[in-house]
Amino acid sequence: MMTFADKVIQFNKDLSYTGSTLPPGIRIMNPFKEHEQTMHIVEAFYHKYYNDNQSRYLILGINPGRFGSGLTGIPFTDPKRLITECNIPYSGKLSHEPSSVFIYEMINAFGGAEAFYKQFYISSPCPLGFTSIAANGKEKNYNYYDSKALEKAVYEFIIENIRKQLTLGITTDTCFCLGTGKNEKFLMKVNAQYKFFKRIVALEHPRFIMQYKTASKQFYIDKYISAFKALNNSAI
């Protein structure tokens with residue numbers, strides 16, 4: 001019988017963009033095929049924290065960023081946190097992603113990685129990332145909802161991959177959405193049509209917190225933990 005870990009690893013191995021043609025200037029980012037070490041990291045991480053058949057609650061971010069899961073293959077986990085918090089080796093530039101800093105501070109406040117990942121699985125509506133080329137020629141992160149053309153192109157790909165991830169062993173009574181703006185609006189609309197979850201709970205996105213609300217970071221850590229611990233009253 002395949003464990004939760006086995007299913008996630010296979011899901012990531014099979015990930016390939018199957019949506020419509022992307023708008024000009026937008027590139028798909030698939031860390032599972034672009035970096036040789038990524039799948040080794042993925043296998044080590046999921047076997048460490050998900051090697052069981054326990055169901056978990058789904059947390060949906062936006063899509064992978066270049067300096068976090070775009071390198072490690074692990075949502076909201078940059079190379080620095082992969083090493084220091086998960087004790088999984090990484091070779092290459094030790095990039096820093098503010099969202100990853102927040103997530104692991106929150107995870108540690110929750111009770112640590114083992115306790116957190118035993119109950120939650122983090123992913124994205126679109127499990128592959130996007131980049132665009134800025135005016136200065138540099139590549140930058142791009143969100144699936146940053147243009148209507150991109151959102152339309154990837155819509156069916158998103159629906160397909162939410163469906164696939166629900167088969168990993170996801171508890172569907174509650175889904176957590178990271179992002180109280182466009183990501184929440186999109187997921188609410190999708191859920192109203194497809195009824196993937198009984199309810200969606202939106203929390204401020206870590207990037208927003210670290211960029212605009214750093215002085216109130218502890219407030220948001222407490223807010224996350226309060227939302228997660230509230231599940232103790234029901235299924236966890």
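## Helix α9 and its covering

The buried residues of helix α9 are covered by elements that include β2, α8, β6 and β7 (199–203), contact being taken as heavy atoms within 4.5 Å, and helices (H or I, at least four residues) and strands (E, at least two) being DSSP runs numbered from the N terminus. This is a predicted model, in which local features need pLDDT of at least 70 and side-chain atom pairs count only at pLDDT 80 or more, while totals for chains, interfaces and linings use all residues. Residues are numbered from 1 along each chain as its sequence is written, and side-chain values use heavy atoms, with hydrogens and water left out.

Asn-183, Phe-186, Leu-187, Val-190 and Asn-191 are the buried residues named in α9, where buried means under 20% relative accessible area, exposed over 50%, and partly exposed in between (1.4 Å probe, protein chains only). Seen down the axis of α9, the buried residues fall within an arc of 125°, so they line one face of the helix; the arc is that of the directions from the helix axis to the C-beta atoms. On the other side of α9, Lys-182, Lys-185, Lys-189 and Gln-193 are exposed.

The 13 residues of α9 (residues 182–194) should span 18 Å at 1.5 Å a residue, and the end C-alpha atoms are 18 Å apart, which agrees; the expected span is 1.5 Å times one less than the number of residues. Just after α9, Lys-195 takes a positive phi of about 55°.

## Strand β2 and its partners

Strand β2 (residues 56–60), one of the elements covering α9, is itself mostly covered, with 5 of its 5 residues buried. β2 pairs with strand β6 (residues 170–178) in the parallel sense over 5 bridges, pairing requiring that DSSP finds at least two bridges between two strands, and Leu-58 stands opposite Cys-175 in β6. Strand β3 (residues 120–123) also runs parallel to β2, joined to β2 by 4 bridges, and here Leu-60 stands opposite Ser-123.

Leaving aside residues up to four places away in sequence, Met-106 touches Phe-116, Ile-221, Tyr-224, Ile-225 and Phe-228.
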